[in-house]
Amino acid sequence: MRKIIPLLSVCALIIFALAFAAHNGQAQNHLTGVINHFTDGDSFIIHGRKVRLWGIDAPEYYQNCRDATGKAYPCGKQARQFFENLAVSRAVSCDIMPAAKRESRIVAKCSLGEADLGSEIVSAGHAIDYTYFSDGFYKSEESAAKSAQKGIWKGTFTEPYQWRKQNKR
């Protein structure tokens, strides 16, 4: 009996450690909560962590686009406002995805309930399918927004990744 009690204690500690490790592993792959700050149309801060939405590319906050008449307008600010209106004060649920080599932020596929945030933003014409990373995951939403001339598709714009290359800070 004396040998069984220490053995049971060790087994209990091992089981506790494994359960903690499994829970901790889930926490590293998933992120939930209310967004603290919207950076632009595809980036935000939650629990002090910077996150970029996977698979989409929205105009940068200071990026301008041109409407159908050729007049410049702040499409980056509009993209962020759309994202903020969509998700402010609501709990988001994010699955962490692999990030690009030089990406310092978390890259995640996020949803509000059943609604995929990337799909909502691209469908409204405030971002494009970032095919380099998404392999066309949001292509049908992009095509529909383009056909309906929604958001950035109502005129002309520089693709956000190209605009970033041209406007390095």
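1. A disulfide, for this note, is a pair of cysteine sulfur atoms within 2.5 Å. By that rule there are 2 disulfides here. Before we get to them, some ground rules: the model is predicted, so to speak of local features we need pLDDT of at least 70, side-chain atom pairs count only at pLDDT 80 or more, and totals for chains, interfaces and linings use all residues. Residues are numbered from 1 along each chain as its sequence is written, and side-chain values use heavy atoms, with hydrogens and water left out.

2. Start with cysteine 65 and cysteine 75, which are joined by a disulfide with an S to S distance of 2.0 Å. Cysteine 65 sits in strand S6 (residues 65-66) and cysteine 75 in helix H2, so the bond ties together parts that are 10 residues apart in sequence. (Helices are DSSP runs of H or I with at least four residues, strands are runs of E with at least two, and both are numbered from the N terminus.) The link is right-handed, with 65° about the S-S bond.

3. Are these two cysteines buried or exposed? Cysteine 65 is buried at a relative accessible area of 2%, and cysteine 75 counts as buried at 2% as well. Buried means under 20% relative accessible area, exposed over 50%, and partly exposed in between, using a 1.4 Å probe and protein chains only.

4. Now for the other pair: cysteine 94 and cysteine 110, with sulfur atoms 2.2 Å apart. The torsion about their S-S bond is about 110°, so this disulfide is right-handed. Cysteine 94 is in strand S8 and cysteine 110 in strand S9, so the pair connects parts 16 residues apart in sequence. Cysteine 94 is buried at 0% relative accessibility, and cysteine 110 is buried at 3%. Count the bonded cysteines in sequence order and the pairing reads 1-2, 3-4.

5. On to the nonpolar core, meaning a set of buried Ala, Val, Leu, Ile, Met, Phe, Trp, Tyr and Cys residues joined through side-chain atoms within 4.5 Å. The largest one has 26 residues, and Phe44, Leu53, Phe83 and Leu117 touch the most other members. Elements supplying at least two residues each include strand S3 (43-46), helix H2 (75-87) and helix H3 (117-123). The largest share, 5 residues, comes from S9.

6. Phenylalanine 83 deserves a look of its own. Leaving out residues up to four places away in sequence, its contacts (heavy atoms within 4.5 Å) include Ile35, Phe38, Phe44, Leu53, Leu117 and Ile121.
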